[in-house]
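Good morning, everyone, and thank you for making the time. I would like to walk slowly through one model today, so please keep the picture in view while I talk.

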Amino acid sequence: MSLSSWRQFSFFELTPIKDPNLGSEKPLYSDPSLTSVCASPEYLIIATAFNKVQLITKDYIKKFDFTAYELGWNIVHLVYLTDSHFLCTIAERQGFPLTLKLWNLKKLMAMEKSDESLEFEFHSSCQIANGNNTFPMTAFTHCNNFSILCFGFSNGSVILVRGDLLHDKGSRQRLVFESNEPVTNLLFKDENALYLTTTSKIYTIPTTGKNQGKPDKIIDRGVGVDIGCCTLDHKRHLVVGNDSMLQCYSTRGKSNAIALDISKKKLFAFGKYILIISNDHKLLIIDVVNMFIALNENIETAISNIFLLWDDVYMLGSDGVLYRIHELDQKAQLDIVVSRNLYDIAIRLAQSMTGIEESDILTVHRKYGDYLYEQQSYGEAMTEYIKCLALGKTSEIIAKYKDSSKISRLALYLEAMVEKGQARKDHITLLLCSYCKLKQIDKLLEFPQKHPDVEFDLFTLIDLCRESDYLEVASTIAKQFNEPSIVVDIELNDLNKTKSTLAYLRTLQIEDLLRVLLDHLKPFLTRLPHPTTKLLIEVFTGKFKPTPVSQEEKISEPEEKQFPVLQSYQAFVSYMASLTETSTSGNEQKDDISPTYLPPRPSIIFSSFIDHPNEFIIFLEACLESHDYYGGNDQDRSDILTTLYEVYLTMAQEELDQKSEWEEKALTLIKNNKAKMNETSIILISNLYGFNAGEMLVRDQQVGFEIDLFRSAMSNGDLQSIQSILQEYAEEQPELYRLGLSYYISEPDIFKEVEESGAFKQLLDTITTRNLMTPLQIVQKLGENSIATVGIVKEYLLRYVTAMRTEILNNEKLIDHYSKQIERDNAQVEDLKHNPVTLQNTRCHSCSLPLDLPIIYFLCHHSYHERCLNDSEYENSKRLRSELECPKCAEKTDTITALRKEQEEVSQRNDLFAVALENSSDRFKTITGFFAKGSIFDGVNYLN
């Protein structure tokens, strides 16, 4: 990976520091004879020519110096032991063993001795022999407590020294490795293992001394390492630099590699960073944890030493310049990364930092979340928002994720709020609603169990469950929280589980059941008419008792379209008894149960029976029977009777093939309950449905009801009823004929129908025959509009004139007949007065036996035995009069006498004559009639 592909930041400040004594006779670190450098917490320690060791303060002033070796030796390595105030110096001399000395700096600085006198004031020393001692030391390392020291030489030998030099208790050494290649680097993995590199291989060496000069493992056979071009990272893995990468090794072999295409001359690890000096004088500091370049600078000189001093990294250049590398504070580093919207790096960086405030890390998460949200990476943004919940301002995040496409992320956020105890009631409701939207049934059902104490908006949750088609869950939740109306609405309307819903209704208390029925009765009647009607009958007759679901009565109802049509309560009882598992006798016993509560008024559910007339009839008949049996409110009974009467008439109109049966039921209902029914309502209903029989039955004792009935039929336009009324009542109420004539000519369609059927002609003839209207009045009535044509009027007049002529002829014939009859009767009377009568009868007209004396003869030519006239039959029939009377003519004589007597009485009643004239349509005929009857003048005894 090329350098340009790495993310680069400026987390360090590079400051060159020139030697303040540069160019003087006593330079400090710019001394060209400088051979080695190290650092203590307080001092920069350098070794220069003539084996002099100098301690330089932070103000770059020499604090102390001493000579460590005699002339001829060369100090090649300095090591400061931090925890013990000891300084280790290593010097070499051609042909002599390598000499190591430990110096107690604290003790040395406390001595008041001259520099020359300190040469032999070392704490302890050790000599390391390497063959003929002609090969220089190329590598050195030690363990943390300085009990194990390891020296590498250019001839490929590695000598391990073990002992307690810190307490000057001696040491021992041995050769632990040798090869033909120079040893370039030695680094301790731990006290038991050592990394060793040569110019061509990388090894691991045990420090126990049991390897007999051989490596424990060759971890890389094809890679050599230059001096200073490897280091230990923060995990104490060996990091080797080559031209293309930083390769990491463990004691098992290669591990990860960091691609970095740049030549490498020196490596130095501190903390999570690795400092790289390239061959072309480029300085890089790489964060191997977060994988970015923390510093990229060019330097103009070679670097000879790198070390940690005064909490910073220092480098000493070959030009005598000291370079200070200072790391910016953590907040400044975060600000740099955040300013470039590299939030993932900023977060990793913050997490790897020590001492940073938690709120600062959360703020980075929040800013990262906002950035991701703007980039429409909503899922990743929510992950960051969840991490910074402790910052608050949750409503802003929730508002961002209320869109349906982001609801899954919102659920995660709300869940995190619940877990952290930051969720309120509205948050809980929103979370549960989110589960509904996401159809996460398990979470939704488990939530109340896991969090029984939380509060939420139940109705909002149920509504959203239904909107999300999560109906079973909505029903379950409603049952858990005792919302029967919602349960029924879901089960019935959404899930179409009518039977199970009806079974659920039977488990409710009567108050809840009644509320549910008022809201949802119609669907039940449509889908399960018979079981629903049965339940209604129980409820409204006071017999309902809640039943546990486990004991619910099972009814094997057929499918919806297979329900038989039942049109009476008795038929319904028989049918339901045949379906239930309980015996018929059991059902009968159940029906005899007295009400256990005050039954509600049946009228509150009348409207629910629209489109269900058969079930309505069954229900009304059951309620009526219950009222009659147990007694009940009179108004309720009246409502039931009136409504049942109306339903009967409705069925009569809809089922024409059974019209007569329904009308008979309606009439029977009125006859049996007339005193309990509202007459006005019955008349109105009968009028609306054109049921004249019902109206007549109610109004049979009312005066003038015929005319009201006729007018009602006229308002309904019921021609058939009008004709029936005329036929039945017009004889007694002639006014109906005149009303009928007006109605017949009121509309062209009506007139056409009655004319074609002959009803119009029949009505005119009746009016004319009964003289209810004069011909002039009839013509005037027909002429009120243009419906009755001239032809109709002409035809009527012709019929009338013809009838009058016929009547005149008949009257003339009758006059002639009566005149002749009078003449014959007068002649007969005169003959009886003046001429003898010959009687030749030989048999008695009473006993039909031959006549024998004594015989009685009458002028009427009837003869009798005297004994026959003395019979009781005759005695009982004869009148008290002075003369005997013929028994056979007595009845006729009595009739004539009675008629004459009546005429005499009428002649005395002028008021009757006046009334007859008043009401007569033909007064002349009335007068002649009275005259013909002899009722006008005092009568004459025609018998005399």
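How closely do the axes of helix H8 and helix H9 come, and at roughly what angle do they cross? Helix H8 (residues 425–438) and helix H9 (residues 441–450) have axes that come within 8 Å and cross at roughly 150 degrees. Axes here are lines fitted to C-alpha atoms, for helices over the stretch in contact, and the angles run from 0 to 180 degrees between N-to-C directions. H8 and H9 are therefore roughly antiparallel to each other, where angles under 35 degrees count as roughly parallel, over 145 as roughly antiparallel, 65 to 115 as roughly perpendicular and the rest as oblique.

Residues are numbered from 1 along each chain as its sequence is written, and side-chain values use heavy atoms, with hydrogens and water left out. Helices (H or I, at least four residues) and strands (E, at least two) are DSSP runs, numbered from the N terminus.

Back to the helices: H8 passes H9 in a left-handed crossing, a term used if the near helix is turned anticlockwise from the far one by less than a right angle, with right-handed used if clockwise. The contact (heavy atoms within 4.5 Å) is made by Ile428, Leu431, Leu432, Tyr435 and Cys436 of H8 together with Lys443, Leu444 and Phe447 of H9. Those residues divide into 7 nonpolar, no polar and 1 charged, where Ala, Val, Leu, Ile, Met, Phe, Trp, Tyr, Cys and Pro count as nonpolar, Asp, Glu, Lys and Arg as charged, and the others, Gly among them, as polar.

H25 passes H27 in a left-handed crossing, and Tyr737, Gly740, Leu741 and Tyr744 in H25 meet Ala759, Phe760, Leu763, Leu764, Thr766 and Ile767 in H27. The residues of this contact divide into 8 nonpolar, 2 polar and no charged.

Now to the strands, which pair if DSSP finds at least two bridges between them.

Which strands form a hairpin, and how many residues lie between them? S20 and S21 form one, with 2 residues between them, and in S21 glycine 253 is the bridge partner of serine 250.

Finally, how confident is the predictor? The mean pLDDT (the predictor's confidence in each residue, from 0 to 100) of the protein chain is 83, and 91% of its residues reach 70 or more. Over residues 581–591, however, pLDDT stays under 50, and the model has 13 contacts beyond four places in sequence for them. Where pLDDT is low, the predicted coordinates should not be read in detail.

Note on methods: This is a predicted model: local features need pLDDT of at least 70, side-chain atom pairs count only at pLDDT 80 or more; totals for chains, interfaces and linings use all residues.
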